[in-house]
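Please examine the sheets of the structure below, and then the surface beside one of their strands. The paragraphs that follow take these topics in turn.

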Amino acid sequence: YCSWLPLALRRFEMGEGPGLPRMMFRSYSGEAFANLDDGALANPKEVLGSLGHDAAEYTKLETNSKSGEFFFMAKDRRFLIKTISDQESVLLQSMMPMYQDHIRRWPESLIVRYAGMYHIEVPDMGISQYFTVMRSVFDQRFEIHDIYDLKGSLFQRRRKKGESIGKDEDWIAANNRLRVPADVRRQICAMHELDAELLQRIGVMDYSLLVGLHHKDTKTDDAVASGAPAEGAVAADAVPADAVPTAAGAATGAGAIARDAVTEGAVGATFEKWRFGDGIESEDGRTCYFVGLIDFLICYCLRKQSENLIRVAQGHGEDASCVSPDQYARRQVRFVREQVMSADADAGTLGTLRVSDLHAQDLVAADWIVGNSDPYVCVKLGLVSKRTPTVWKDRSPRWTDLIELPVNVHHDTYQVELEVWDEDSKRVLQGRDDFLGALSVPMARVLQAPEEVLRQELAQVKQGRLSARLEFVPLDSGPPARPRTVLEEARAESA
């Protein structure tokens, strides 16, 4: 019974009454929604208090969404109601066991906390509609001065005239960052990667990281955050009424990484002291950030795949919003590290993986006309990856670059993937570079001792070998060693 509980369904029917038609109402997975985060964020009592019969009238939100769905905000702005399509309802039901398990396993998750999914049917009026209830990412006690909907795409991702919500290009143009201490930065990046891995496995894309900025008034805000009544505190309705992303989503998110459930574990030490209300306080104490992953009910269906092919033909196969779930997750993780957190050079919650002494031999000739290749190596750990420069026209290249990747607590069971590719200047026509082989090394072995890979045969190709050195460096162990030059390598080999 417990294993099937997330898919539980309850049905209620109300007969015709004075001025009311016959209605049928369904509630899905009620226990699962009520027990996310042990009910701390979206328990039935809070939902009824905010949206129930005795609650104030809802606020209808205007949006530029192409989905045609409706949005309603509770008067106290703690919860939001959003209608969804039949296809989205099927997806949400099917992902409930994974969604519930993920939230319980990683209570710091940034993913939006749903409080319920329902269906209402009014046969005499031809109404049949699914809708969800979600917890807002914003703390209703504080005014949100700037809101950004970030996908990790830079193609046509600028706010249009009349829109209040910024997008990826606007975020970069404003030189925005979440300016928090390095340890907090590492934890947020680690949790975002875990969340993106879940959405990648489910097979969805086009989701957004919603970021709200509150610029603090120290005296008033400190009093409100501490729970004391404060003169001049910002009213609940001070949050912009159109705070809804222009895609299919809404201004809701988890924010759980900044709430009461943050503990030692998956993402390392807590950052309790950096919390401010339901948000995260900047290092200088001037700004409070509210962050949540939203709008993740969009599958990479045939229509989306067709859209991706069009973008590839236009030369935007990598930077357009519509890409495969794997590519989308990796790109957003990279965008968050580099553009949202400024954490590209940061270690992970455990430390850093260093890959050096890369050397390939007898690679496949991808450019078969001239019998040569233009190879580079891409190193992957989880959803984070980095690549070497391309060595042109060389089937036995050597790379002297040092590659560093963050290592987080959850990476101990992962494989370090080393992929060799041939760079193709005609990507618009071919869509991607040519694959020249790959090999993998268990991260658990690298955590124990440096790993020397010597002339190992590349998999999935008929020929080619790769050598590399992999080393794990714990946090605060000093600056990286300088990579050896080609001359030093030759001397070492002759010795």
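His359 has Ser467 in β21 as its bridge partner. In this predicted model, local features need pLDDT of at least 70 and side-chain atom pairs count only at pLDDT 80 or more, whereas totals for chains, interfaces and linings use all residues. Residues are numbered from 1 along each chain as its sequence is written, and side-chain values use heavy atoms, with hydrogens and water left out.

Strand β21 (residues 465-474) runs antiparallel to β13, and 9 bridges join the two. Strands, like helices, are DSSP runs numbered from the N terminus (E, at least two residues, for strands; H or I, at least four, for helices), and two strands pair if DSSP finds at least two bridges between them. Strand β21 is also joined by 5 bridges to strand β20 (residues 451-457), again in the antiparallel sense; here Glu451 has Leu470 in β21 as its bridge partner.

The loop between β13 (351-361) and β14 (375-381) contains Val370. Val370 is exposed, with a relative accessible area of 61%; buried means under 20%, exposed over 50%, and partly exposed in between (1.4 Å probe, protein chains only). Together, Trp368, Ile369 and Val370 make a nonpolar surface patch of about 450 Å². Patches consist of residues with over 30% relative accessible area and no salt bridge, in which like charges are joined within 9 Å and nonpolar side chains (Val, Leu, Ile, Met, Phe, Trp, Tyr) within 5 Å. A salt bridge is a side-chain nitrogen of Lys or Arg within 4 Å of a carboxyl oxygen of Asp or Glu, and accessible areas come from the Shrake-Rupley method with a 1.4 Å probe, with only the protein chains shown counting as cover for residues.

Strand β14 belongs to an open antiparallel sheet of 4 strands, ordered β15-β14-β18-β19. Its edge strands, β15 (384-387) and β19 (434-442), each pair on one side only. Strand β18 (residues 415-422) pairs with β19 over 7 bridges, and Glu417 has Ser440 in β19 as its bridge partner.

A further open sheet has 7 strands with antiparallel pairing, in the order β1-β2-β6-β7-β5-β4-β3. Here the edge strands are β1 (9-14) and β3 (59-61). Strand β5 (residues 79-84) pairs with strand β7 (residues 127-135) over 6 bridges, and Ile81 stands opposite Val133 in β7. Helix α2 (residues 44-51) packs on this sheet, touching β5, β6 (114-122) and β7, where contact means heavy atoms within 4.5 Å. The direction of α2 makes about 85° with that of β5; axes are lines fitted to C-alpha atoms, for helices over the stretch in contact, and angles run from 0 to 180 degrees between N-to-C directions. Helix α3 (residues 86-105) lies across β2 (23-28), β5, β6 and β7, and runs at about 145° to β6.
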